[in-house]
Amino acid sequence: MFNILLYEPEIPPNTGNIARLCLATNCKLFLKRPLGFSIKDKDLKRAGLDYWHNVNITIIDSLDEIYALLPDSCFYFFSTKAKKSYFEVSYKINDVLVFGPETRGLPQNLIIDNPNTLTIPMFNKQVRSLNLATSVGIVLYEAIRQTQFS
């Protein structure tokens, strides 16, 4: 269906929740090192419940690896710094949805002047960002809505 890439994730329960979401939606999960936790972390497994062993997951060391694995896929990068909303694109099966680490987001070089950098609008400017697992769920289900339910 879709591919989810967590770029240097830091918080085990977020990754576990996203892993469960990927399993439920038949998506592939990619984790780019360095990870802020052990893949055997009990919090990670607790958040993924007993599904962890069924998740289609690949751990990579660089973006070049996933670009090589998915050369025909469109990559969308999500950042609070983007101007364009995630509503404004047409997703296709096999797209890659890329989310940055919880405390700092994606590196500037990935988001500056990239037309595929998108944001999830927030209406209260006191909030810096949404939870990573929540963000992945919001965007993924919009992509599914566009491709499966229309």
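Which residue forms a salt bridge with Asp61? I looked this up in a model that is predicted. The partner is Arg33, and the closest N and O atoms of the pair are 3.0 Å apart.

**Entry 1: Asp61 and Arg33**

I located both residues along the chain. Asp61 sits in the loop between strand E3 (57-60) and helix H3 (63-69), and Arg33 sits in the loop between E2 and helix H2 (42-48). The pair links distant parts of the chain, 28 residues apart. Asp61 has a relative accessible area of 46%, so I record Asp61 as partly exposed. Arg33 has a relative accessibility of 38% and therefore also counts as partly exposed. I noted the general principle that side chains of opposite charge can pair when their charged atoms come close.

**Entry 2: the salt bridges of Glu8**

Arg104 lies in the loop between strand E6 (96-99) and helix H4 (108-111), while Glu8 lies in the loop between E1 and H1, so the pair ties together parts that are 96 residues apart in sequence. Arg104 has a relative accessible area of 46% and is partly exposed. I recorded finally that a network of salt bridges links Glu8, Glu10, Lys32 and Arg104.

**Entry 3: helix H1**

At 1.5 Å a residue, its 13 residues should span 18 Å, and the end C-alpha atoms are 18 Å apart, so the two values agree. Which residues of H1 are buried? I listed Pro12, Asn14, Thr15, Gly16, Ile18, Ala19, Leu21 and Cys22. To read this list I recalled that an α-helix has 3.6 residues a turn, so residues three or four places apart point the same way. Just after H1, I found that Asn26 takes a positive phi of about 60°.

**Entry 4: Ser135**

I found Ser135 in helix H5 (residues 132-148). With a relative accessible area of 10%, Ser135 is buried. What does Ser135 touch, leaving aside its neighbours within four places in sequence? Its contacts are Phe99, Ile120 and Leu130.

**Entry 5: the whole chain**

I turned last to the protein chain as a whole. The chain has 5 helices and 7 strands, and from the N terminus on its elements run β-α-β-α-β-α-β-β-β-α-β-α. The radius of gyration is 14 Å, close to the 15 Å that the globule rule gives for 150 residues, so the chain is as compact as a globular protein of that length. The C-alpha trace spans about 35 × 35 × 30 Å along its principal axes.

Of the 150 residues, 46% count as buried. Among contacts with a separation of 6 or more, 77% are between residues 24 or more positions apart. I noted an accessible surface of about 8,100 Å², of which 52% belongs to carbon and sulfur atoms.

Key
Residues numbered from 1 in each chain as written. Predicted model: local features only at pLDDT ≥ 70, side-chain atom pairs only at ≥ 80, totals over all residues. Heavy atoms only, no water. Helix = DSSP H or I, 4+ residues; strand = E, 2+ residues; numbered from the N terminus. Buried < 20%, exposed > 50% of the residue type's maximum accessible area, 1.4 Å probe, protein only. Contact = heavy atoms within 4.5 Å. Salt bridge = Lys/Arg side-chain N within 4 Å of Asp/Glu carboxyl O. Expected span 1.5 Å × (residues − 1). Rg over C-alpha atoms; globule rule 2.2 N^0.38 Å. Areas by Shrake-Rupley, 256 points an atom, 1.4 Å probe, with all protein chains shown as cover.
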